[in-house]
Amino acid sequence: MSDKKKIITICMGSSCFARGNNQNLKIIKQYLSDNMQNTAVHLTGALCQENCRKGPVIFLNDKMHNNVGSADLPDLLDTFFTEGFMLNPIYTEETECQDCYKCIRHCPVKSIKVKDGHAEAVSETALGAHEVSRHTIKRLNADDRDQEIFISSACPTMVEYIKKYQPRYSSYIAESLSPLQTHCQLLKQRYGQNISIIFAGPCISKKREADLRPDLLSLAISFEDLRDWLKSKMIEPSEIKTEDDNCFIPHSSRDGALYPSEGGMIRSIKDQSGETPAGRMLSFSDIHCMDEILAGLNEQKGKGPLFLELLACKGGCINGPASQKHIGTVVKQCLVNDYVLSLEVHNESDNLYCEDITYARVIEAPEAIDYTEDKIQRALRQIGKYNGEDEKNCGACGYSTCRDYARATLDGRAEKDMCISYLKKLSEKKSNALIKTMPSGVVIVDKHMRILECNSSFAELMGPETKAAYSARPGLKGAVLEKILPYSAVFEGVISREGSLTRQTFQLGDKIIEGSVFSIEKDHAVGGIFQDVTSPQVQKERIIRQAKQLMEKSIESVQQIAFLLGENAAESEVMLNTIIESFSSDGKNE
């Protein structure tokens with residue numbers, strides 16, 4: 001249990017006391033007597049908190065609770081006294097959610113093996129990359145190989161992409177563990193199957209790998225996750241003094257450390273083999289370009305061995321979604337190269353080996369549905385695309401064309417509100433409909449004091465000439481405001497002040513116009529809403545509004561009287577309680 005003292009403050013103002021705090025005080029005292037004999041609790045009273053309308057009011061520590069009824073009070077106290085005695089619940093930060101669903105299946109934190117708040121050891125996944133290169137060399141040089149085209153399985157995102165969306169090339173993928181999974185297998189061979197392994201890196205697909213092979217990897221986090229954790233623990237890595245024997249276990253891998261950059265796997269293979277394996281070796285990155293990159297790949301059959309290193313992130317893992325963004329690819333590439341050159345070449349006897357890293361990921365390609373042209377057209381019409389001119393193909397929705405987006409909506413993979421142009425049109429229609437149906441006169445003008453939009457109520461307020469012009473050209477777009485409303489200087493004074501609002505009353509003929517002029521977009525647009533206060537309907541509304549204001553002032557006066565009475569009552573009660581406690585303690589001492 002927590003040693004922190006709990007403070008309960010009950011409002012003793014006459015209003016709260018009459019509304020129920022007289023009964024709540026008894027309930028709290030009984031609750032403390034029955035349940036909190038060994039807990040530090042301070043029960044105190046307070047003068048009126050000026051929240052009489054929300055009474056009865058009770059403070060639990062610094063948090064105010066309104067409308068506290070006697071029936072709800074015991075549960076409220078139970079919650080209050082259990083705070084701090086349990087772990088804070090896990091919740092989803094929606095803007096940071098990676099949709100990995102690990103939180104739904106289980107909480108993996110219990111599997112982290114720590115010692116005095118630190119991991120027992122740190123190992124470099126380059127070791128697994130080194131071993132993947134070794135097995136790839138064997139496969140490329142095998143005399144009995146039965147395929148010519150090889151696609152690396154080092155990038156789990158690309159493996160899943162090809163098996164799902166380019167299944168005709170699935171047979172070319174090297175059926176082996178990824179560098180991370182191979183690394184985990186090496187560590188478990190070396191240090192025992194019961195060790196827990198946590199990976200940290202720039203790739204969010206590693207979370208998926210942890211899900212697929214929990215026997216190898218306990219947990220995968222991103223560098224962003226790691227930075228957030230260090231920040232929460234107020235740990236600054238640059239300020240930590242390292243010992244001379246702090247190093248990766250069992251050692252580093254020079255050629256495996258090349259993998260994070262584009263072409264790194266091919267360089268690793270060449271470094272290990274000492275010569276270029278037979279055949280062509282090419283590297284490509286950026287998943288958004290893979291359709292074009294792989295187009296016509298089958299035509300390369302019969303033209304000799306071809307090895308493809310495919311990476312989802314442009315430039316390689318150094319530009320992964322959770323990597324640092326403030327430095328460019330050139331700098332990151334140089335850092336990788338400098339690090340590799342700084343490493344010592346280890347003896348072959350020190351290296352870890354896996355006899356077998358064969359692993360075939362079973363990923364079913366989604367069933368492709370061939371929608372009829374009629375269904376596609378109906379889906380397009382739902383997002384305001386009625387003809388070819390409406391199909392902007394802007395790509396803002398994440399799909400290359402509007403037709404691809406329509407197919408995705410039919411598949412249930414996209415929603416209507418993903419189309420920006422549709423949302424813009426919908427917003428304009430709604431605002432226009434709202435302006436047109438408002439009983440008050442509404443006008444919006446640009447920085448040149450020319451009308452952008454107005455409704456018929458505004459035209460009617462301005463007089464018969466303006467009303468006739470509105471009938472001929474609804475909205476009066478482009479009309480000069482000064483020719484319609486002689487008080488346009490008010491609009492000019494507001495347009496340059498962001499968020500500005502001014503209330504105006506002026507006479508126009510036999511009408512008294514009252515309204516508000518406000519800035520919509522600084523230096524670009526300003527709007528005004530007006531009504532004729534001499535009309536019977538507006539006069540009625542003004543009388544009702546003034547009556548409400550009078551009633552609120554009357555209630556405020558009553559509350560001030562209650563405050564003065566409550567202050568006196570609270571002071572009296574505190575004094576009487578002090579006297580009672582004093583005599584009670586004297587009686588016990590005797």
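pLDDT is the predictor's confidence in each residue, on a scale from 0 to 100. This is a predicted model, in which local features need pLDDT of at least 70 and side-chain atom pairs count only at pLDDT 80 or more, while totals for chains, interfaces and linings use all residues. Residues are numbered from 1 along each chain as its sequence is written, and side-chain values use heavy atoms, with hydrogens and water left out. The protein averages a pLDDT of 80, and 81% of the residues score at least 70.

**Confidence**

- pLDDT stays under 50 over residues 99–117; the model gives this stretch 21 contacts (heavy atoms within 4.5 Å) beyond four places in sequence.
- Mean confidence is lowest in strand 5 (residues 114–115), at 41, and highest in strand 11 (residues 306–311), at 93.
- Residues 84–92 have pLDDT below 50, with 4 contacts beyond near neighbours in sequence.
- Where pLDDT is low, the predicted coordinates should not be read in detail.

- Helices (H or I, at least four residues) and strands (E, at least two) are DSSP runs, numbered from the N terminus; two strands pair if DSSP finds at least two bridges between them.
- An open sheet of 4 strands has the order 2-1-3-4 and mixed pairing.
- Strand 2 (41–46) and strand 4 (63–65) are the edges; each has a single partner strand, so one side of each is left without a neighbour in the sheet.
- From one strand to the next, the twist averages 20 degrees.
- Strand 1 (residues 6–11) and strand 2 run parallel and are joined by 6 bridges; Cys11 has Ala46 in strand 2 as its bridge partner.
- Helix 1 (residues 14–35) lies across strand 1, strand 2 and strand 3 (58–60), at about 150 degrees to strand 1. Axes are lines fitted to C-alpha atoms, for helices over the stretch in contact, and angles run from 0 to 180 degrees between N-to-C directions.

**Helix 5 and helix 7**

- The axes of helix 5 (residues 156–165) and helix 7 (residues 205–212) come within 9 Å and cross at roughly 75 degrees.
- The two helices are therefore roughly perpendicular to each other, a term for angles of 65 to 115 degrees.
- Pro156, Thr157 and Glu160 in helix 5 meet Ser205, Lys206, Arg208 and Glu209 in helix 7.

**Nonpolar cores**

- A nonpolar core is a set of buried Ala, Val, Leu, Ile, Met, Phe, Trp, Tyr and Cys residues joined through side-chain atoms within 4.5 Å; buried means under 20% relative accessible area (1.4 Å probe, protein chains only).
- The largest nonpolar core has 27 residues, of which Cys184, Leu217, Tyr259, Met265, Ile269, Met281 and Phe307 touch the most other members.
- Helix 4 (126–141), helix 6 (179–191) and helix 9 (264–273) are the elements that give two or more residues to this core.
- Leaving aside neighbours within four places in sequence, Cys184 contacts Ile197, Leu216 and Leu217.
- Another core of 24 residues lies apart from it, and includes Tyr470, Ile495, Leu508 and Val517.

- The order 13-12-16-15-14 describes an open sheet of 5 strands with antiparallel pairing.
- Strand 13 (451–454) and strand 14 (501–508) are its edge strands, each pairing on one side only.
- Strand 12 (residues 441–446) is joined by 6 bridges to strand 16 (residues 525–532); in strand 16, Ile529 is the bridge partner of Val442 and Phe530 that of Gly441.
- Both faces of strand 12 are covered: Gly441, Val443 and Val445 are buried on one side, and Val442, Ile444 and Asp446 on the other.
- Strand 12 and strand 13 form a hairpin with 4 residues between them, and Met449 in the turn has a positive phi of about 60 degrees.

Definitions and conventions. Buried < 20%, exposed > 50% of the residue type's maximum accessible area, 1.4 Å probe, protein only. Parallel < 35°, antiparallel > 145°, perpendicular 65-115°, else oblique.
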